[in-house]
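User: I'm new to reading protein models. Could you walk me through this one with a few questions?

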Amino acid sequence: MPAASTAFNALRRASDQQVMARAMRSTDALRADALRDIGIAFHSAMAALTTGTAADGDVDTLAMSVAVSLLLCEQGLGEEHIETVRIAQDALMTLRARRERHPTMRGWIASAQEMTRLNAAVELLDEQLAHDGCTEGMVARALAEIGRRMRAGEVMQLVEEGA
């Protein structure tokens with residue numbers, strides 16, 4: 001049975017890679033249902049942070065949203081807004097650092113400044129995804145690049161206080 005399971009997993013990975021390769025080449029506009037689903041995810045995470053009910057997954061969703069926005073900027077969709085995204089990344093890192101310093105803290109607590117910065121990035125992502133120039137391929141390439149950077153360790157790190 002383990003051999004069959006291993007073979008099935010290998011086939012599924014190959015199929016997933018083919019689907020991703022096709023998506024990365026796509027010049028099709030994002031489908032309305034895909035836009036809706038993506039929007040629901042990051043707007044729900046932002047709402048949870050705003051109301052003080054955010055879980056780890058919500059903050060991870062916001063981090064992924066900000067990363068996608070950065071990669072879309074890097075692909076030429078809103079290059080002039082890279083600083084907005086970098087500031088939002090800093091806000092996320094500050095939020096994570098606070099959580100690290102206070103591990104018993106319930107939920108995630110963002111300052112007004114952090115909320116403003118994250119809202120700006122979420123609004124930018126909304127605009128980027130709705131832009132006529134945004135394609136399935138651009139989003140797929142952004143997701144693939146995020147995965148590559150994570151595997152390579154090219155991610156923002158919390159800096160120890162006093163370091």
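User: Which helices are included in what covers the buried residues of α4?

Analyst: Keep in mind that this is a predicted model. In α4, the buried residues include Val85, Leu92 and Arg99. Among what covers the buried residues of this helix are α2 (32–51), α3 (56–74) and α5.

User: How far does helix α4 reach from its first C-alpha to its last?

Analyst: Helix α4 covers residues 82–101, which gives it 20 residues. At 1.5 Å a residue, 28 Å is expected, and the model comes close to that. The reach is 29 Å.

User: Is Gln128 buried or exposed?

Analyst: Let's find Gln128 first: it sits in helix α5 (residues 112–130). Buried means under 20% relative accessible area. Gln128 has 2% relative accessibility, so Gln128 is buried.

User: Which residue has its backbone oxygen 2.8 Å from a polar atom of the Gln128 side chain?

Analyst: Leaving out residues up to four places away in sequence, Gln128 touches Ser69, Leu72, Cys73, Leu77 and Cys134. One of these provides the backbone oxygen at 2.8 Å from a polar side-chain atom of Gln128. That residue is Leu77.

User: Is Leu143 buried, partly exposed or exposed?

Analyst: Leu143 belongs to helix α6 (residues 136–151). Partly exposed lies between the buried limit of 20% and the exposed limit of 50%. With a relative accessible area of 38%, Leu143 is partly exposed.

User: What is the area of the nonpolar surface patch that includes Leu143?

Analyst: Leu143 makes this patch together with Met64, Met150 and Val155. The area of the patch is about 340 Å².

Note on methods: Residues are numbered from 1 along each chain as its sequence is written. This is a predicted model: local features need pLDDT of at least 70, side-chain atom pairs count only at pLDDT 80 or more; totals for chains, interfaces and linings use all residues. Side-chain values use heavy atoms; hydrogens and water are left out. Helices (H or I, at least four residues) and strands (E, at least two) are DSSP runs, numbered from the N terminus. Buried means under 20% relative accessible area, exposed over 50%, partly exposed in between (1.4 Å probe, protein chains only). A polar contact is a pair of N or O atoms within 3.5 Å; within protein, one must be able to donate a hydrogen and the other to accept it, and residues adjacent in sequence count only if both atoms are side-chain atoms. Contact means heavy atoms within 4.5 Å. Patches are made of residues with over 30% relative accessible area and no salt bridge: like charges are joined within 9 Å, nonpolar side chains (Val, Leu, Ile, Met, Phe, Trp, Tyr) within 5 Å. Accessible areas come from the Shrake-Rupley method with a 1.4 Å probe; for residues, only the protein chains shown count as cover. A salt bridge is a side-chain nitrogen of Lys or Arg within 4 Å of a carboxyl oxygen of Asp or Glu. The expected span of a helix is 1.5 Å times one less than its number of residues.
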